[in-house]
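Dear colleague,

I am passing on the structure below, together with some notes on its charged side-chain pairs. Please have it open as you read.

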Amino acid sequence: TAGSGWEEKTPLKDFEEDTIKKGETSVSYKLPEGFIFYSENIGGKGYYSEQDDAYVETSIIRSTSSTAREYAESKSLAGISPITSEGEFEVNGLKYYYYSYSIKRVESDEEKYEYKFAAYTDLEGGDIYLITGYSQTATEIMEAQYYKSFMEIEESKTTETAEK
């Protein structure tokens, strides 16, 4: 209906493994059971779990002067929201720096919460891999362990050559 502001997430693909690319960097990972791919944009890719009513997005931040730790310490995605947990999580030799937070909204005199998560890790070429999560119902998305499959990555460099 027009003006409802609600959009149904229609899965574009249903598969077990996916890859995101930015420039010469690509990162591959397995999707956890129940997650479906629903969107791709300039920032990365989005996945949805109907079972958990949770969204996860992956992206690559191009090489900057900041490290993954510095991005996590800035907590920029949380804005003014209080941080509920933060720390480090290691998967296959990669150290992820993460934080989680929640946002309380009052709609029609009812309190509603949005649960959010962000994790960063440094890639070999100076790029940073970012995982974010969001749910209005699943508090488990605030725990780093929830994203372990998205953290078990395989990084590779691609050289794009133009054939003329």
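**Salt bridges in the model**

R69 is partly exposed, with a relative accessible area of 36%, where buried means under 20% relative accessible area, exposed over 50%, and partly exposed in between (1.4 Å probe, protein chains only). This is a predicted model, in which local features need pLDDT of at least 70 and side-chain atom pairs count only at pLDDT 80 or more, while totals for chains, interfaces and linings use all residues. Residues are numbered from 1 along each chain as its sequence is written, and side-chain values use heavy atoms, with hydrogens and water left out.

The side chain of R69 forms a salt bridge with that of E88, at 3.4 Å from N to O, the term standing for a side-chain nitrogen of Lys or Arg within 4 Å of a carboxyl oxygen of Asp or Glu. Because R69 belongs to helix α1 (residues 68–74) and E88 to strand β6 (residues 83–91), the pair ties together parts that are 19 residues apart in sequence; helices (H or I, at least four residues) and strands (E, at least two) are DSSP runs, numbered from the N terminus. E88 is likewise partly exposed, at 40%.

By this rule the model holds 11 salt bridges. Among them is the pair E114 and R105, at 2.7 Å from N to O, in which E114 is buried at 8% relative accessible area, whereas R105 is partly exposed at 37%. Another joins E107 and K112 at 3.5 Å, with E107 partly exposed at 38% and K112 partly exposed at 36%. Salt bridges with shared partners also link R69, E73, E88 and K95 into one network.
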